[in-house]
Amino acid sequence: MSTFLQSLLIAVRALRVNKMRALLTMLGIIIGIAAVIAMVAIGAGASKMIADQISSIGSNLLLVIPGSMTSGGMRSGSGSSQTLTYDDARSIKAECPSVAEAAPTVRGSGQVVYGNQNWSTVLNGVTPEMVVVRDWALASGRNITQSDVDGTTKNCLLGQTVADNLFCAADPIGKVIRIKKIPFTVIGLLGRKGQSPQGQDQDDVIYLPLRTAQRKLLGSQFPNAVGAIMIQAKSSEVLKKAEEEVTALLNQRHRIGPSREVDYSIRNLSEILAVSEQSSKVMSLLLGSVASISLVVGGIGIMNIMLVSVTERTREIGIRIAIGAKRRDILLQFLTEAVLLTTCGGIIGMLLGVAGARLVATLVGWPTLVSLNTIVIAFAFSAGVGVFFGFYPARKAASLNPIEALRYE
Amino acid sequence: MGEVVLLRDVAKVYIMGEERVEALKGVSFSVSSGEFVSIMGASGSGKSTCMNVIGCLDVPSSGAYLLDGVNVGERSNNELAEIRNRKLGFVFQGFNLLARTTARENVELPLVYGRLPAAQRKARALAALDRVGLAGRESHYSNQLSGGQQQRVAIARALVNEPSIILADEPTGNLDSKTTVEIMTIFQELNRQGITIIMVTHEPEVAAFTGRQIIFRDGLVLSDSTGRPGTGAPLVEARL
């Protein structure tokens, strides 16, 4: 330990002698580490932005959609079966312990009219749980209530895009619009949610009470059927468990067995999230590896200067060996010097990188994330660069012939 | 008195490309404890090579070199480093102090490699500096000292580990005549205190300070004025 401390002291002194040179040598590492940290931070910020966008759908979501239907030997596509019902949704919420909310929905489209404006939009029949599951705050007005659903009231919530197109800047609350020629009262305005990860405008929608939509607008031969059930698990940890519970429950309710095909399917929306996150991670990695090339270049600079330093101090090395320094002592001394250079550069680079990331965040408004991980890795990497590029010069110093070294002018 | 240095038929051959250079062609002599020996000779006579062998910086090609009765020829590099550290003290022509380092730290250097704790290092370094008359100068940097003072720091560095021998290679080569006498007087004083000193020089006036002169020529010992142990008469008047 004291040997190490001693070499550290010698190294500090050697570097202090040539402050300017030490600083310039460090510059390569400083730039390298700063670039890696800033790039990774920007990459991580981009990832987070994508992840936020994805979670705008709602978090910890499972989507149950009906399976295919076979009638007269003809198989329709997935979602065509009419066996998924509002009752399924209610019993999922009641009987599955890992499920926080279950929001059934039917979906259609239609023309809406207000005054001299008209617009074609998506009509969603929903229950009060929908805005909870989708984590969708109301801009004004009130949510659809259970009594709206049970009483099949003609109330509706407007998405921002619909409100913009029908009302321009005017307040839509309390106004009566016609949806497929049936008058509906606007009771609330949904907040702006923006694009979905697939690029769809999530605000181009009207929410109606579920039963109203089922009976009055999207009339079908199965008035109780729903198009999908959105399920929110209590946490991301129990998402898998929730999926199993819902599967078991629906299998039981739909009497799925050897003689009966599964008539629904469950999609895990976080899997989509995982894929997108993967792609942004690849981007971060790419940015980081490009930046780390500059680290390697900085390392070569260190090696160059260390070689010069060994040549310059040949006589000093000769004295040390004559006085009784072992090869190991000399090797350790020069290696310590190189590592000290790179770690100092690493620390300065780290500070600059973090500051750079902050600057980008404030100037461009792009979120940046500096993780402890990157800092630790960058620090370890800069020390590693010191060992790697310092080893050859240090070995050269240690293998000097003392007689020649002492005679060196 | 025991033999501190014993060379038996020591030869050293350098192979430089195609050429074989016989620097030492079979040298035998011994140095007893407490002697003050000068090795003289023209350049190329083999005196420096002999000094390197005695200093354990080089190993003989053939023959045997015993330092304190230990055969040095069969030692590893690390063992040689330890021997240099414990049994030998070096004084060079060019002083060879570390730049931008205080006198005390220069003197402490052998103790650093001898893994001594800091407090002991400091005490011994100060004592060594005192022995060469540099007490009070311990925190001067090497470049703040005159040539003679620097050489005295170098002598203190050679002394600090209480070695069996001090080896001096042209210790007065870079000094004026007055300082030369000063340094040689220090060597004589140290020798009187019982320290064995072997010194390479090409100046007869300097060699005259020593008790025994060995003269080299063409890799062999030409003459050896053995039989005059102790200290020779200083020829101060002759030099001034």
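Tutor: Strand 1 (residues 3-16) of chain B pairs with strand 2 of chain B in the antiparallel sense, over 11 bridges. Before going on, note that this is a predicted model, in which local features need pLDDT of at least 70 and side-chain atom pairs count only at pLDDT 80 or more, while totals for chains, interfaces and linings use all residues. Residues are numbered from 1 along each chain as its sequence is written, and chains are lettered from A and ligands numbered from 1 in the order in which they are written.

Student: What counts as a strand, and when do two strands pair?

Tutor: Helices (H or I, at least four residues) and strands (E, at least two) are DSSP runs, numbered from the N terminus. Two strands pair if DSSP finds at least two bridges between them. Strands of a sheet pair through backbone hydrogen bonds, either parallel or antiparallel. As an example of a bridge, Leu6(B) has Ser30(B) as its partner in strand 2 of chain B.

Student: In what order do the strands of that sheet lie?

Tutor: Four strands of chain B form an open sheet in the order 2-1-4-5, with antiparallel pairing. Strand 2 (19-32) and strand 5 (70-71) of chain B are at the edges; each has a single partner strand, so one side of each is left without a neighbour in the sheet.

Student: Which other sheet does chain B have, and how does it pair?

Tutor: Six strands of chain B make an open sheet in the order 6-7-8-3-9-10, and the pairing is mixed. Its edge strands are strand 6 and strand 10 (220-224) of chain B, each pairing on one side only. On average, neighbouring strands of this sheet are turned by 20° against each other, direction ignored; the axes are lines fitted to C-alpha atoms, for helices over the stretch in contact, and angles run from 0 to 180 degrees between N-to-C directions. A parallel pair is formed by strand 3 (residues 36-41) and strand 9 (residues 212-217) of chain B, over five bridges. There, Ser38(B) has Gln213(B) as its bridge partner in strand 9 of chain B.

Student: How many helices and strands does each chain have, and what share of each chain is buried?

Tutor: A residue is buried if 20 or more other C-beta atoms lie within 10 Å of its own, exposed if 12 or fewer, and partly exposed in between, with C-beta atoms placed from the backbone. Chain A has 13 helices and 12 strands, and 44% of its 409 residues count as buried. Chain B has eight helices and 10 strands, and buried residues make up 50% of its 240 residues.

Student: Where are the buried residues of a single helix, for instance helix 3 of chain A?

Tutor: In helix 3 (residues 86-95) of chain A, the buried residues are Tyr86(A), Asp88(A), Ala89(A) and Ile92(A). They cover an arc of only 160° around the axis, which puts them on the same side of helix 3 of chain A; the arc is that of the directions from the helix axis to the C-beta atoms. On the other side, Asp87(A) and Ala94(A) are exposed. The cover over the buried residues of this helix includes strand 4 (99-114), helix 7 (210-217), strand 11 (228-233) and helix 8 (239-253) of chain A.

Student: What is a contact, and what does Gln93(B) touch?

Tutor: Two residues are in contact if their C-beta atoms, placed from the backbone, lie within 7 Å. Gln93(B) is in the loop between strand 6 (88-91) and helix 3 (103-113) of chain B. Not counting residues up to four places away in sequence, Gln93(B) touches Asp169(B), Glu170(B), Pro171(B), Gly173(B) and Asn174(B). Gln93(B) and Asp169(B) are 76 residues apart in sequence, yet 5.8 Å apart in space, C-alpha to C-alpha.

Student: Why does Gln93(B) count as partly exposed?

Tutor: Gln93(B) counts as partly exposed because 19 other C-beta atoms lie within 10 Å.

Student: What should I know about phi?

Tutor: Most residues other than glycine have a negative phi. Cys56(B) has a positive phi of about 60° although it is not a glycine. Cys56(B) is in the loop between helix 1 (47-54) and strand 4 (62-67) of chain B, and is buried, with 24 other C-beta atoms within 10 Å. Asp135(A), also not a glycine, has a positive phi of about 55°.
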